[in-house]
Every structure is written in C-alpha cells, then in structure tokens.
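Me: I would like to learn how to read a structure model, one feature at a time. Please give me the general idea of each feature, then the case at hand.

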Amino acid sequence: MEATQPVKNQLKPSSTIWGRFWAEPWFAIATIVLVVAIILFIVAPVLAVLLKSFGIGTGQLTFDYYKDFFQAPYYWDALLNSVLSAIISTIIVLFLSINIALYVTRSKSFLSKSFQGISLLPLVAPPFIFSLSLIILFGRSGIVTDYISHLFGGEFSIYGFWGVVLAQIIGYFPIGYMLIESTMRNMNADLEYASQDLGANQWKTIGSITLPLAKSGIIKAGLLVFVMALADFSNPLIIGGGTRFLASEAYLLVVGQHNLELAAVLGVFLIIPSLLIFIFQTYFLKDSSVGTISGESGSYSVPLSKSVKFFVGTISTIFTAFILLMFIMVVLGAFVKIIGINNTFTLEHFNNETGWDSLYTSLFVSFVSAILAAGIGILQGFLFARKPIPGKKLLEFLTLFGLAVPGTVMGIGYVLIFNGPPFFLTGTVMILVLNMTFRKIGVGLEAAISKMHQIDISMEEASNDLGAGPYKTFWKVIVPLMVPPFAAGFIYALMTAMVSISSVVFLISPNTNLVAIYILNLAEQAKIGLASAMSFIMIVIVLACLGLLKFVEKKTGVRI
Amino acid sequence: MSENNFLELKNVCKYFGDVKAVDNISISIKRGELISFIGPSGCGKTTLLRTIGGFNKQDAGEIILDNEKIDTLPPEKRSTGMVFQNYALFPHMTVYDNVAYGLKQLKVSKKEQHNRIMTALSQVELDDYGDRKPKELSGGQQQRVAIARCLVLQPKVLLLDEPLSNLDANLRIALRKEIRKIKDKLDLTVIFVTHDQEEALSISDRIAVLNGGIIHQLDKSDKIYNYPSNKFVSTFVGQANFFTGYLQESEKGHYFDTGTIHFPVEKLKREHGEDLKIGEKTTVLVRPERIKINASSSLKGTITNIIYNGNFTRYFVDVENYELKVDVFNTHDSKKYKTDDKIGIELPTSPHIIRESMK
C-alpha cells in the first residue's frame with residue numbers, strides 16, 4: 001500500500017488557482033510573458049487610441065475633438081459613407097454568397113468546382129486590387145468607359161461611392177462566401193429531403209428550411225463582411241475619387257495633418273461597431289449547430305431542381321465571370337505598355353527596383369510574423385486549453401479581439417505608443433513584425449484551440465501515467481500533434497500578412513516599405529502598369545502559399 | 001388485383017458508379033402490409049427505400065403505387081411519407097409547425113389544418129406537445145413527431161428508415177409495438193428498414209432480406225427464421241450450425257453423414273418439395289436451440305466455451321472438430337455444465353436444407 005503512494009510533491013493538490021498556476025513554473029512564466037505581450041501589443045494600442053480621442057496624452061481631458069467631429073459635416077459624411085457602403089456591400093455579398101453556395105454545395109459538376117475556385121480567388125489578392133481593375137475597365141479613360149462614350153457620348157467613370165461599393169463587394173465576397181458555404185455544406189440534407197417529402201417544392205424548401213437553418217452562418221458572414229467593409233481603407237483611397245470614408249480620412253489626418261487626436265476620434269467610431277459585433281458574435285452567436293449533421297446521415301445533398309438551378313446558376317456565372325475579368329485585367333495590365341491605349345506586350349513594368357525591394361521586405365516581415373503568430377498562438381492555445389490560468393476567458397477574448405480591431409485603429413495605436421519613449425520603434429522592421437504578429441496571433445490561437453478540442457486529455461494523462469512530466473509531455477505529445485495546426489496557422493497568417501495594409505501603412509518608412517503599400521501608392525498615382533505588375537507577382541506568391549496550404553491539408557489530412 | 005400489388009417495384013436498379021446498390025429488384029406489396037427490408041449496412045435497403053420515396057432516381061425499372069406510375073415524380077408529388085433515421089425534424093419549428101408543414105403546401109383551410117394536426121398528434125399520443133421545439137423532446141417523442149408529420153398527409157405508403165436505431169434498447173421495443181399498433185389502427189401500408197433482425201422478426205408481416213443489392217428471401221418471419229433459403233439469410237437472421245454431407249441409409253433408417261459426424265434424420269425435403277436422394281450431397285442448417293444435450297446420445301462433444309445470456313446459455317461444443325453452438329434455456333432445474341465437460345449431443349431429425357448462395 002505504501003509503495004503505491006504517489007510521490008508527494010508531484011500530486012500536491014493546491015486549493016487556489018494561483019497555487020495550481022505556479023505548480024508548473026515554466027508554463028506559468030510562459031503565460032506571464034504572453035499576457036504582457038498581449039497587453040502591450042493588442043490592448044494598449046487600442047486603449048491609447050481611445051484615450052487620445054479625449055486628448056489624454058497631449059494634455060487635458062477634453063471633448064473638443066468629438067465636437068470637431070460632430071461639427072464638421074466633412075467627418076459626418078465620412079461616417080455615413082462608410083456605414084452606408086458597408087451595409088450595401090454586405091447585403092449584396094450575402095445575396096451572391098447564398099446563390100453561389102447553393103449551386104456549389106448542391107451540384108457536383110465541373111461548373112460547381114469552378115465557381116468554388118473563382119469565389120475564393122479574391123483572397124489571394126490585396127483587397128484593393130479590384131479598385132485597380134475597375135479603374136482599368138471603368139476609369140476616366142477605362143476600356144469600357146471609352147467604348148460607352150464612343151457609342152453614346154457623355155462622361156462616365158467609376159470613381160466615387162459606387163466604385164468603392166463595387167470594389168468592396170468583390171474584395172470581401174470570399175469571407176462571406178466561405179462562412180455561408182460551410183454552413184450550407186454541413187447542413188443535414190435529410191431536412192431538405194423531408195421538406196420535399198412533405199410536398200414542398202425546392203423554392204419553398206430553400207425559403208422555409210435551408211435559409212432559416214443557415215441563419216446563424218449568414219448572420220456571422222454578414223457581420224464579418226460589414227466590419228471589414230466599414231474599416232475599408234484602401235479602396236476609398238484609390239477609387240473613392242474624393243468621397244470621404246472613415247478609415248481613409250483617419251489615415252489622411254495622421255499622414256497629412258498630423259492630427260492624431262481627430263484621427264483617434266475617427267478610430268473610435270471604427271472600433272465601436274467592431275467591438276459590439278465581436279462581443280455579439282462571441283457571446284450571443286454561440287455555434288447553434290441546429291440542423292447540422294449528427295452522426296450517420298448517409299444522404300447526399302439535395303440536387304437542385306431545374307428552375308432553381310437556372311436562377312442560382314445564372315447569378316453564379318455572371319458574378320464569377322466578373323471576378324475572373326478583374327484578375328484578367330490585372331494580368332493584362334502587367335504585361336502591356338498602357339492597357340487600353342497601347343496594348344503591346346512588354347516586361348518593362350517588372351523592371352522596378354523599388355518594387356522588388358518592397359517585395360523582399362514584405363516577404364521577410366510576413367514570414368517572420370507568420371512564424372511568430374502561429375507559434376505563439378499555438379502555445380497560447382495549449383496553455384489556455386489545459387492549464388489553470390486566472391482570467392483565462394478575458395485573455396482569450398482580448399487575443400481574438402486583436403483579429404477584429406480595424407487595422408487603422410491598431411496602426412494609429414502603434415504610432416501613439418511606439419513613436420516616443422520608452423519605445424522608439426516606428427520606421428523599423430521590428431515594429432512591422434510586431435504589428436503583424438499580434439494582429440494575426442488569433443489565427444494561431446483559433447487553429448490551436450480547435451485542435452486541442454480534438455486531442456483527448458487522456459492522452460496527456462497516459463503520458464503522465466507512463467512517467468513523463470508535464471514538460472516532457474508537452475514536447476513529446478502536444479508539440480508533434482500541433483504541427484498541422486501550426487502549418488495551417490503559419491500559411492494563413494503569411495498570406496494575410498502579405499496583403500495586409502491598413503495597419504502597417506502608419507508604421508513604414510522609406511526604407512521599410514511593404515509591397516502592398518507600394519502598390520497602393522502606385523495605384524493612387526494611376527501608375528496602372530507598375531501597380532498591375534507588382535500585384536501580379538504578389539498574387540503568384542500568395543497563390544503559391546495557398547497551394548502549399550492545400551498540399552499540407554492533403555498530406556496531414558487536417559482540414560484548415 | 002391492386003390490393004395485392006398496391007406498391008409494385010419492377011426490375012428497379014440503382015447504381016453508384018460501379019456499385020450496384022440496387023440490382024434488379026422486383027417486389028409486390030399488399031395494401032395494409034408491413035414489410036421490412038433487412039440486411040447488413042451497404043446491402044441496398046436504404047437506397048431502395050429512398051428510391052421509392054423519390055430521393056434517388058432509379059437507373060432502370062418502374063415503381064407503381066396504387067395504379068399510378070410514380071418513378072419519375074419528384075418526392076413532393078409522391079404520396080409517400082418518409083420517417084428519416086435521424087427524424088429530420090425541422091429544428092427551428094415547433095412540433096405543431098413541423099406537423100403543419102406538409103399541410104401548408106396544400107390548399108387546406110386553416111380550420112381543417114388544425115383538426116388534422118391535432119388528430120395526427122393524438123394518434124401518436126403527443127397532444128400536449130405542440131408548442132415544444134424538437135430539441136426539447138426525448139428521442140422517442142421526436143420519433144413519434146416524425147411519424148405524425150407523415151400521417152397528417154395520409155400517405156399511401158409510410159417509409160421508415162431505421163427509425164429506432166438511435167434509441168435505447170427498452171424504448172426500441174416499446175416503440176416498435178407502438179408503430180405496429182398505429183399501423184394496425186390506421187391500416188397503413190408500411191415499409192420498415194432495419195438492420196436489427198429481432199426488430200424485423202417481431203414487427204413485420206413479411207421480411208425481405210437484402211444483400212449486395214438483391215433480395216435473398218422475401219417471406220413471413222417464421223419462414224425466414226426456420227426455412228432460410230440460403231446461407232446468407234440463415235446467418236444474418238439468427239445463429240446457425242451447418243453440416244455439409246450426404247444422406248445415407250441403413251437398416252435403422254436414414255442418417256446424415258458429414259464424414260466425421262452422423263446423425264439420424266427423417267426424409268429431407270429440398271426447396272421445391274422433392275425428396276433428397278440417398279447419396280446426394282447437401283448442406284443442412286440446425287439452429288442452436290434445436291440441439292439438445294442428452295447424455296444418452298451417441299454423439300459426444302467437449303464444451304470449449306460458455307456464454308451466459310440471461311434467459312439462455314450458449315455452449316460452444318467441440319464435436320469431431322466441428323464447433324457447434326448449443327443454446328439451452330435457463331429454467332430453474334436446468335443442469336449447469338462447465339468448460340471441458342464431456343456431453344452427449346442430440347441433433348434434430350429434421351434439419352433444414354439450404355443453398356450455399358443466392359445463385
């Protein structure tokens with residue numbers, strides 16, 4: 001009996017959470033470092049923006065800047081335009097997503113695979129690239145514009161509010177589409193069969209069964225698209241044609257007038273909706289897995305009836321063709337002298353040293369940030385899933401909130417904190433890495449959390465039982481199992497870091513320009529050829545990452 | 001005429017790629033009959049059911065229901081009612097709305113709708129549950145809502161796809177009685193798909209045993225059990241001991257000789273009634289409960305394993321290298337044996353001749 005007693009100091013049960021927290025000191029230290037980093041690089045910048053909007057940091061607490069905001073019709077317009085364009089693009093994105101998702105998930109043809117592929121294509125491009133294509137087609141001397149003015153006379157161009165809306169629809173469509181597609185794919189097909197069995201045709205079935213069941217996915221998609229469109233920074237800059245939007249105005253305030261306080265006020269208006277929606281999503285939109293497959297179902301998705309297929313097929317065809325057209329324009333723009341005017345083949349746009357330099361910087365920064373974001377996220381996921389950590393829920397919330405904070409706000413926040421003592425970091429590569437890492441850390445965390453849920457805790461208990469201590473168990477059991485989510489998180493973070501712009505745009509210096517920002521500048525200056533060429537290279541690189549991601553998925557069998 | 005061929009499948013085929021999920025099946029079902037499709041998973045039973053419901057389009061063949069050819073109609077135009085394995089209740093609607101769903105597709109007055117819904121709910125004894133959401137009901141209750149949702153439309157055929165497989169054992173037995181009761185009360189025609197042989201045996205008027213996309217036997221329950229047409233049916237339904245050998249004759253009468261074992265038999269009849277000839281080779285089936293332990297029998301064996309099953313005990317007995325299964329009912333005076341006990345085995349004198357395979 002005595003011999004089987006556990007070694008005393010190993011299984012000493014501690015009554016307090018702090019006691020248990022310190023029971024494994026290395027994990028405790030890792031957690032503390034993590035928490036400090038989260039506070040410094042995610043929480044503090046957002047708080048700084050909030051405080052700055054009240055003048056704190058510059059002097060007295062004041063509401064003057066809010067007064068300025070409300071008195072100038074100028075900023076009201078920006079707020080209104082941002083909200084309105086976000087609402088319109090969200091509604092249209094949802095409509096398109098539902099149609100295409102219906103076709104893709106309920107048909108197995110080549111066409112359905114093409115729709116799927118093309119729908120995800122905008123993910124690989126910086127979100128403003130569609131502004132570029134739209135300008136090539138519909139700009140003041142665009143291909144279509146010229147053609148129309150030849151036929152009918154009159155002036156017409158895409159610049160302005162509707163141009164921004166159109167660019168947002170294409171740019172943010174994949175986000176909405178992915179969520180809605182996965183909801184519709186995971187739906188229990190028997191429910192739709194049952195509806196038909198009870199005498200409802202497919203239109204009625206879609207209206208009263210499919211869409212109501214997909215409701216939570218649709219709402220989620222809508223909120224996400226809305227938040228992203230609201231915080232859209234680059235499209236207004238390129239195609240807005242002087243129409244004011246919140247994020248771009250905030251940027252201009254910082255860069256042009258160095259009015260950080262008013263920029264902070266705009267930032268507050270950007271962050272309030274994001275915060276509300278993030279809270280709503282986290283606490284009120286709990287995955288209600290209503291109507292999704294449970295256990296063996298054995299039935300294939302319901303095939304579309306002729307009339308439904310015709311309707312959703314037509315919409316899918318038109319929209320995906322339009323997306324393709326956007327990409328074709330960029331590729332053509334990259335390889336001809338001046339698209340629409342002088343269509344001779346040339347490679348001269350690729351001969352651009354500044355461009356290549358910025359590409360290297362981007363690759364370096366993105367690569368390092370992606371490794372850090374995935375690695376830290378995974379470590380955090382493990383610690384949070386398995387270890388007793390005081391205030392765990394709050395910390396998890398804050399980390400994931402990092403994903404939801406509009407880039408503009410984060411950028412302004414970083415400027416506020418790291419542009420003076422004690423941290424002089426602006427203009428360095430390090431600040432870019434830090435910014436990107438902590439904006440993407442939620443990606444790694446999410447990947448890790450979902451993986452940790454799949455790993456039965458008994459596996460670690462078995463390892464402990466066989467004599468391995470907590471650290472050995474971590475290295476020998478957890479780390480190997482975490483390789484697939486790490487790879488997934490890394491590649492996803494790399495892709496998104498390459499195309500991200502709204503936050504780092506505040507932090508670059510002439511020596512540390514990033515390719516996405518460089519392209520944005522080119523596009524603003526209507527240097528279509530150079531912008532297209534650099535965009536083309538970027539798309540190729542990101543596509544390669546995506547190919548790698550698919551390869552990893554296949555090899556490891558982990559769906560990412 | 002149409003009473004006997006109320007639902008008729010003629011040469012129905014369904015392929016998934018190279019797999020013949022349903023391979024040229026023909027079957028006639030009477031009005032008011034409860035017929036079970038049983039077989040192992042992948043045997044084609046659910047595919048066949050879904051083809052009748054219109055969820056699969058058959059690749060060949062015809063389906064005729066009540067003198068109407070229905071095989072080209074979409075599910076919403078067929079007067080079949082399907083109860084899905086996972087019930088497929090609409091989770092965002094109340095029980096009442098679930099049952100109302102089908103009626104709303106018809107031009108039925110609100111008042112008649114309500115009456116029919118309440119009738120259907122009372123038929124499954126869920127009168128007071130109209131306001132509940134499906135997830136607030138137990139598995140058995142959900143199952144009955146699924147049935148009510150079909151009944152309210154007065155379908156000509158009720159199709160049940162393993163409706164009891166998600167329930168626990170006792171509830172399963174209670175509900176299958178209930179289904180039988182509802183069926184009898186409303187004189188429904190029902191097709192019941194299951195992989196549970198006991199369920200099929202207890203509930204059905206007739207049973208179709210499927211494997212590899214074909215019907216191996218279509219018969220009444222007792223026929224399926226006692227006179228299975230081939231080896232597959234005999235092992236899928238119930239436990240079996242097989243003896244392959246020859247019918248022989250001695251001065252004491254006929255006996256069956258496998259080469260190592262021989263035991264007396266009466267005349268053995270082939271499938272179509274003709275007598276088995278002396279010296280002819282065949283395989284016979286003996287159910288474990290038909291074997292008796294009898295110390296005076298000349299056939300001796302050694303008990304190798306014992307499984308206690310509550311109401312009966314199964315002995316595995318080695319007889320001349322045959323491993324026989326012997327079931328003995330546990331009565332208060334039944335004798336207990338131990339492993340390695342030597343016992344006498346008495347085989348029945350009228351074993352059933354079966355075919356090795358379908359062909």
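Me: What should I know about the model and its numbering?

Reply: This is a predicted model, in which local features need pLDDT of at least 70, side-chain atom pairs count only at pLDDT 80 or more, and totals for chains, interfaces and linings use all residues. Residues are numbered from 1 along each chain as its sequence is written, while chains are lettered from A and ligands numbered from 1 in the order in which they are written.

Me: Which domains does the assignment give for chain A?

Reply: Domain bounds come from an automatic or database domain assignment. For chain A that assignment gives domain 1 (9-54 + 347-560) and domain 2 (76-345). The C-alpha centres of these two domains of chain A are 25 Å apart.

Me: How many residues of domain 1 of chain A are in contact with domain 2 of chain A?

Reply: Two residues are in contact if their C-beta atoms, placed from the backbone, lie within 7 Å. By that rule, 39 residues of domain 1 of chain A are in contact with 38 residues of domain 2 of chain A. Helices and strands are DSSP runs numbered from the N terminus (helices are H or I, at least four residues; strands are E, at least two). On the side of domain 1 of chain A that touches domain 2 of chain A, the elements giving two or more residues are α2, α17 (392-404), α18 (407-418), α23 (515-524) and α24 (528-556) of chain A. The largest share of that side, 12 residues, comes from α24(A).

Me: Is A:Phe27 buried or exposed?

Reply: A residue is buried if 20 or more other C-beta atoms lie within 10 Å of its own, exposed if 12 or fewer, and partly exposed in between, with C-beta atoms placed from the backbone. A:Phe27 has 21 other C-beta atoms within 10 Å, so A:Phe27 is buried. A:Phe27 is found in helix α2 (residues 25-53) of chain A. Leaving aside neighbours within four places in sequence, A:Phe27 is in contact with A:Leu383 and A:Lys387. A:Phe27 and A:Leu379 are 352 residues apart in sequence, yet 9.7 Å apart in space, C-alpha to C-alpha.

Me: Which residues have the most contacts inside the largest nonpolar core?

Reply: A nonpolar core is a set of buried Ala, Val, Leu, Ile, Met, Phe, Trp, Tyr and Cys residues joined through C-beta atoms within 7 Å. The largest one has 249 residues, and those with the most contacts inside it are A:Leu132, A:Leu266, A:Ile412, B:Ala148, B:Ile191 and B:Val209. Domain 1 and domain 2 of chain A both give residues to this core, so the core lies between them. Another core, of 17 residues, lies apart from it and includes B:Phe256, B:Val326, B:Ile345 and B:Leu347.

Me: How do α13(A) and α14(A) pack?

Reply: Axes are lines fitted to C-alpha atoms, for helices over the stretch in contact, and angles run from 0 to 180 degrees between N-to-C directions. Helix α13 (residues 246-257) and helix α14 (residues 260-284) of chain A pack at an angle of about 160°, with their axes 8 Å apart. Angles under 35 degrees count as roughly parallel, over 145 as roughly antiparallel, 65 to 115 as roughly perpendicular and the rest as oblique. The angle therefore makes α13(A) roughly antiparallel to α14(A).

Me: Which elements of chain A give two or more residues to the side that touches chain B?

Reply: Between the chains, 21 residues of chain A are in contact with 20 residues of chain B. The elements giving two or more residues to the chain A side are α9 and α10 of chain A. The largest share of that side, six residues, comes from α9(A).

Me: What is the phi of B:Asp66?

Reply: Most residues other than glycine have a negative phi. B:Asp66 has a positive phi of about 50° although it is not a glycine. B:Asp66 lies in the loop between β4 (60-65) and β5 (68-69) of chain B, and B:Asp66 is partly exposed, with 15 other C-beta atoms within 10 Å. B:Asn321 also has a positive phi, near 70°. B:Asn321 is found in the loop between β17 (312-319) and β18 (322-329) of chain B, and B:Asn321 is exposed, with 7 other C-beta atoms within 10 Å.
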